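Dear colleague,

Please find below the structure that I am passing on to you.

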Amino acid sequence: MKEIPVSMLNLNPYEKIAKEWMLCTAGGEGNYNTMTCSWGHLGSLWNQPTAICYVRPQRYTRQFIDREEKYTLCFFPAEYKRALGYLGTVSGRDEDKVASAGLTPVHEAGVTYFAEASLVLVCRTLYQAPLKEECFRDKAVMDKMYPEKDFHDLYIGAIEKVLVKE
């Protein structure tokens, strides 16, 4: 992987996140977890490049994101879609799901990403907040997406490093 300036990113965030998915990973060697995400945002907030990801309270990865200062968002070539699907359906509480998915963790400077990724964003958490029932202006969205009222928390991260496959 090689580091590039965030200004060199040239991608369609909707395609990358909603269609291709990403892994959100927090923690370091021997104590990390990852989850598949298809909701998120890339852009600018507070005069800096930022990424937003969403995590439900019951997800095992949540305790890692809450504990750590940084997390990574990893994007993969199309042939890894099946592995990302698997990582989104099993819990790291129950098994070594990364090994089962056939991915290779890379631990660097207190964060974890995956050797198979084509793009890695290293993010430092700036803000975290729960989505709240009373804030939904369109109740149909809330009813459809949260029938059990298990609202996501949003995590806004400053993009501190961008790595791309060489």
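The notes below cover the salt bridges, the strand pairing and one aspartate in a loop. Please bear in mind that this is a predicted model.

Salt bridges. The structure holds nine salt bridges. One of them joins D66 to R62, with the closest N and O atoms 3.1 Å apart. Both residues belong to helix α2 (residues 61–67), where they are four residues apart, about one turn of the helix. D66 is partly exposed, at 43% relative accessibility, whereas R62 counts as buried because its value of 17% is under 20%. R62 and D66 are also linked with D153 in a network of salt bridges.

A further salt bridge connects R67 with E68, at 2.8 Å between the closest N and O atoms. R67 is partly exposed at 41%, and E68 is partly exposed at 24%.

E160 and K70 form a salt bridge of 3.0 Å, N to O. This pair links distant parts of the chain, since E160 is in strand β10 and K70 in strand β6, 90 residues apart.

Strand pairing. Strand β9 (residues 119–130) runs antiparallel to β6 (residues 70–75), and six bridges join the two. Here Y71 stands opposite C123 of β9. Strands β9 and β10 are likewise antiparallel, joined by 11 bridges; L121 has V162 in β10 as its bridge partner.

The loop aspartate. D150 lies in the loop between α5 (139–145) and β10 (153–164). D150 is buried, at 16% relative accessibility, and its side chain makes a polar contact of 2.8 Å with that of R56.

Yours sincerely,

How values were computed
Residues are numbered from 1 along each chain as its sequence is written. This is a predicted model: local features need pLDDT of at least 70, side-chain atom pairs count only at pLDDT 80 or more; totals for chains, interfaces and linings use all residues. Side-chain values use heavy atoms; hydrogens and water are left out. Buried means under 20% relative accessible area, exposed over 50%, partly exposed in between (1.4 Å probe, protein chains only). A polar contact is a pair of N or O atoms within 3.5 Å; within protein, one must be able to donate a hydrogen and the other to accept it, and residues adjacent in sequence count only if both atoms are side-chain atoms. Two strands pair if DSSP finds at least two bridges between them. A salt bridge is a side-chain nitrogen of Lys or Arg within 4 Å of a carboxyl oxygen of Asp or Glu.
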